[in-house]
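Here are some notes to read with the model open beside you. Please take the points in order, and find each residue in the picture before moving on.

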Amino acid sequence: MNRFVILSGCSGGGKSTLLAELQRRGFRTVPEPGRRIVTQEQATAGEALPWVNLAEFARRAIALAMADRAGLPDKSGWTFFDRGLVDAAAALWQATGDASALDLCRRHRYHPTVFLTPPWPEIYVMDGERRHALAGALAEYDRLVDLYPRLGYTIVVLPKVSVAERADFVLARIGAEAAV
């Protein structure tokens, strides 16, 4: 059984907070490739930023998502990803019209259930790494809602509840009773 679980969905919807809760509970987690790239690019005055060069940013996110998967010490326990390969491929497709990265998505699968954070305007905040307004986040969400099922995934939209309740919800849906 594939135990690589994707948390995706609307930017600013609480994915990173949920990932931190799952990590606190002892599960292996992988932070969002995009945020790591933005942090690195800002520190080095780089241009692979989604608001400067979305195509290069997406290519870097694809490479980082692939490296994240390959770098896991073992694949026996549950691993939760804050976004991943499909999100990066969707960004490249949006930026360039190039859908070739979707073939990588078909070959490198995650757990068949993908958890999406819905748009949640009440908690959405722009910051130094998230410079797009809520409208951009909504457009991204719509692309992901369309793409994941086309790649054979089942989408489960997370309820707008506390982070602990969200974590319980995710774990119950995949049948994970305890951390690795």
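1. A residue is called buried when its relative accessible area is under 20%. Please keep in mind throughout that this is a predicted model. Leu-92, which is found in helix α4 (residues 85-96), has a relative accessible area of 5%, and is therefore buried.

2. Which residues does Leu-92 touch, if residues up to four places away in sequence are not counted? They are Ala-55, Ala-58, Arg-59, Ile-62, Gly-97, Asp-98 and Ala-101.

3. Next, please turn to helix α1 (residues 15-24), whose buried residues are Lys-15, Leu-18, Leu-19, Glu-21 and Leu-22. When you look down the axis of α1, these buried residues fall within an arc of 160 degrees, so they line one face of the helix.

4. What do the buried residues of α1 pack against? Their partners are the strands β1 (4-9), β2 (28-30), β3 (79-82) and β4 (113-117), together with helix α7 (163-174). Just after α1 comes Gly-26, which takes a positive phi of about 100 degrees.

5. The aromatic rings come next, and a search of the whole structure finds four aromatic pairs.

6. Since Tyr-110 lies in the loop between α5 (101-107) and β4, whereas Phe-81 lies in strand β3, the pair ties together parts that are 29 residues apart in sequence. In this way ring pairs link Phe-4, Phe-81 and Tyr-110 into a cluster. Phe-4 is buried, Phe-81 counts as buried at 2% relative accessibility, and Tyr-110 counts as buried at 3%.

7. Finally, please look at two arginines beside aromatic rings. The charged end of Arg-69 sits over the ring of Tyr-110, 4.6 Å from its centre, and the charged end of Arg-109 sits over the ring of Tyr-153, at 4.1 Å from the centre of that ring.

Technical notes
Residues numbered from 1 in each chain as written. Predicted model: local features only at pLDDT ≥ 70, side-chain atom pairs only at ≥ 80, totals over all residues. Heavy atoms only, no water. Buried < 20%, exposed > 50% of the residue type's maximum accessible area, 1.4 Å probe, protein only. Helix = DSSP H or I, 4+ residues; strand = E, 2+ residues; numbered from the N terminus. Arc of directions from axis to C-beta. Contact = heavy atoms within 4.5 Å. Phe/Tyr/Trp six-rings, centres within 6.5 Å; stacked < 30°, edge-to-face > 60°. Lys NZ or Arg CZ within 6 Å of the ring centre and 35° of its normal.
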